[in-house]
Amino acid sequence: MKPLFLLIEILLILGVTIKTIEAEKHSKKQKGRNVTTQVSVNKVKQDLSNILEQGKPINVISKKENLLENKKNQHKLRRKGIRNKDLWKRNKDHLKQQAKNNSTEEGDQLFKTGIKILQQSKNQKQKAEAYIFFAKAADMGNLKAMEKMADALLFGNFGMQNITAAIQLYESLAKEGSYKAQNALGFLSSYGIGMEYNQAKALIYYTFGSAGGSMMSQMILGYRYLSGINVLQNCEVALSHYKKVADYIADKLEKSEGIPVEKVRLTERPENLSSNSEILDWDIYQYYKFLAERGDVQIQVSLGQLHLIGRKGLDQDYYKALYYFLKAAKAGSANAMAFIGKMYLEGNAAAPQNNATAFKYFSMAASKGNAIGLHGLGLLYFYGKGVPVNYAEALKYFQKAAEKGWPNAQFQLGFMYYSGSGVWKDYKLAFKYFYLASQSGQPLAIYYLAEMYATGTGVLRSCRTAVELYKGVCELGQWAENFLTAYFAYKNGDIDSSLVQYALLAEMGYEVAQSNSAFILETKKAKILEKEKMFPMALLLWNRAAIQGNAFARVKIGDYHYYGYGTKKDYHTAATHYSIAADKYHSAQAMFNLGYMYEHGLGITKDIHLARRLYDMAAQTSPDAHIPVFLALMKLQTVHLLQDILFFNFTRRWKWMTLDNTIGPYWDLFVIGLIVAVLIFLLKNRYG
């Protein structure tokens, strides 16, 4: 804003100078008028002295005429002064407005340049250059650029996390009516990050954000009404919110296929995240490239697909995708031919849109019986691209591709029967094909299933089912890309940046993000929340993830109540959660924990036989449980033997004693240690 302030200051100086000059001119004119008036008065006095002899009536008339003339002169001067003042003010306002318009235009241009660089960027350095333009545009008052900078400060893009500064920017933007700022302030209030923890205020912010057009606020409200978070649970209201977002996402998906985003679970590999199958390790990628160059057709097609849509942490690169597809097609790969046809049908930088070329490659693939090629030919006939519209031909190709299990062809068949395109409307057949496609995760098929359940078209209306389906579509939005940035931030040690991104996604109802946020919070490595708030917040997030069907989260809730993390110790509640995880999700960990509680009578009635049964079930469920279960059962048998020896009563006068009184409170650990020592001794003697 400094250039704008400097310009205004110069204009003000010019204005004062102009005013001074006008005042001096006005003063000179006033003096001239005063001289003229004095001459006139002297003349009048002389005339009056000559006429005095003629009588009083004439004297009175002359005096009145002079007074009237003086008043007219003063009025003219006053009007001229006002006109000069108004003119100066109008000029000043015009210059201010002109400067503002120039600044706005320059800010808009800088913002557009930043967006263009960001869209074309392939590395962090180029993205950082884009934010330099955003910073300059924001300095000129561009609201969109200010939103970008506030987001960067909140999420810690390029190591510039400053939540206090982000909040200040969001608050000023919110006053200007920014729905993105309203959503961000709601999120920060709901977690108490940099602001007071206030769920009521968060709800207000989300309401204003959704009213302004924020899809993220709509999604958050949908999840809250679905789950009853700080609002009365209301399926119909949730349906309304989720449908608005799903309509927006479906419109995007119809123009281009959605890009599935890898959602890495931090709970699965906390010790070695680089081995996560969701993200392709750089060394493995280099090995795949080596194999592709050596002529491995399958690897060539796989790399082409990864680069085509930007999967497994790789950047989207149409040129590399086309390169690998052409190599594989030359070797006779039908899949590669079909993907080349797809690239030319949709059009991109490497393969400009060309229906004839698309038809050529689709035909080559279809002649080999390839499902993708058959589906591609069906699309060309359905939409009349390069060939006349022919629904019969389209139906034929879609059916052939659907029989081979291609989900996109199944969806197209469902859509034809749903809309009555070239066939009679048949909602039962439409539902059948939508359902088949949805089983493979076809997003538009899921959307149309939700539409059918929401309106009761062809099926019995079910609000809950419709909401769950809409929610699945909503989770394909562009905001899901934060999963990757959050994962890489965590992997690089930027815990606060990772937590903020996962927490926002968790607020939107993503179960994976809820688990990841809780996992980060319980490590107590984050600095953006007070230590005493971390376990209660983690427990809240584990609970939300468990409600959505996460077995590990359910076991975690049991652990928190067992040890008293973020809540009071409650063995009975812990046992309840372990029971749910064991019965519903067949969790080996839950079975083992529940067996231990039955063995010691913690929160439930002591039952050694049931404890032994649960230990056995844990071993049968998971191979990883074999050693812990073996040790637990050995301990159980040893304890029984010790009890038989220690408490055998020959005289019937001895009272039942507990091992806690004889050995101590940690006797079970002592027994396990003894068993391990005996096993090591035996193995050493056998193989030594």
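User: Hi! Can we start with T457: is it buried or exposed?

Analyst: Happy to. T457 is buried, because its relative accessible area is 18% and the cut-off for buried is under 20%. Keep in mind that this is a predicted model.

User: Where does T457 sit?

Analyst: T457 is in the loop that runs between α19 (443–455) and α20.

User: And which residues does T457 touch?

Analyst: Not counting residues up to four places away in sequence, T457 touches Y427 and M452. Its side chain also makes a polar contact with the side chain of T455, at 2.7 Å.

User: What about the accessible surface of the protein chain?

Analyst: The accessible surface comes to about 38,400 Å², and carbon and sulfur atoms account for 56% of that. On the contact side, if you take pairs at least 6 apart in sequence, 51% of the contacts join residues at least 24 apart.

User: Switching to cysteines: how many disulfides does the structure hold?

Analyst: The structure holds 1 disulfide. The partners are C235 and C463, with an S to S distance of 2.1 Å.

User: What is the handedness of the C235 and C463 link?

Analyst: The link is left-handed, with -115° about the S-S bond. C235 lies in helix α9 (residues 235–255) and C463 in helix α20 (residues 463–474), so the bond ties together parts that are 228 residues apart in sequence.

User: How accessible are the two ends, C235 and C463?

Analyst: C235 is partly exposed at a relative accessible area of 25%, whereas C463 is buried at 11%. While we're on cysteines, C474 counts as buried as well, with 0% relative accessibility.

User: Good to know. Let's look at α11. What span should its 13 residues have?

Analyst: At 1.5 Å a residue, the helix, residues 297–309, should span 18 Å. The C-alpha atoms at its ends are 19 Å apart, so the model agrees with that expectation.

User: Which residues of α11 are buried?

Analyst: The buried ones are I299, Q300, V301, L303, G304, L306, H307 and L308. Their cover includes α10 (282–293), α12 (318–330) and α13 (334–346).

User: What happens at the start of α11 and just after it?

Analyst: At the start, a side-chain oxygen of D296 reaches to within 3.2 Å of the backbone nitrogen of Q298. Just after the helix, G310 takes a positive phi of about 75°.

User: You mentioned α10. What is E293 in contact with?

Analyst: E293 has its place in helix α10. Leaving aside neighbours within four places in sequence, E293 is in contact with Y323, Y324 and K327. The side chains of E293 and Y323 make a polar contact at 3.1 Å.

User: How far apart are E293 and K327?

Analyst: They are 34 residues apart in sequence, and their C-alpha atoms are 9.0 Å apart in space. E293 itself is partly exposed, with a relative accessible area of 43%.

User: Last one: what covers the buried residues of α24?

Analyst: The cover includes α6 (179–191), α8 (215–227), α22 (495–507), α23 (511–523), α25 (551–563) and α26 (571–585). Among the buried residues of α24 are M534, F535, L541, W542 and R544.

User: And how does the span of α24 work out?

Analyst: Its 17 residues, 531–547, should span 24 Å at 1.5 Å a residue, and the end C-alpha atoms are 25 Å apart, which agrees. Just after α24, G549 takes a positive phi of about 100°.

Technical notes:
Residues numbered from 1 in each chain as written. Predicted model: local features only at pLDDT ≥ 70, side-chain atom pairs only at ≥ 80, totals over all residues. Heavy atoms only, no water. Helix = DSSP H or I, 4+ residues; strand = E, 2+ residues; numbered from the N terminus. Expected span 1.5 Å × (residues − 1). Buried < 20%, exposed > 50% of the residue type's maximum accessible area, 1.4 Å probe, protein only. Contact = heavy atoms within 4.5 Å. Polar contact = N/O pair within 3.5 Å; in protein donor to acceptor, adjacent residues only side chain to side chain. Areas by Shrake-Rupley, 256 points an atom, 1.4 Å probe, with all protein chains shown as cover. Disulfide = S-S within 2.5 Å.
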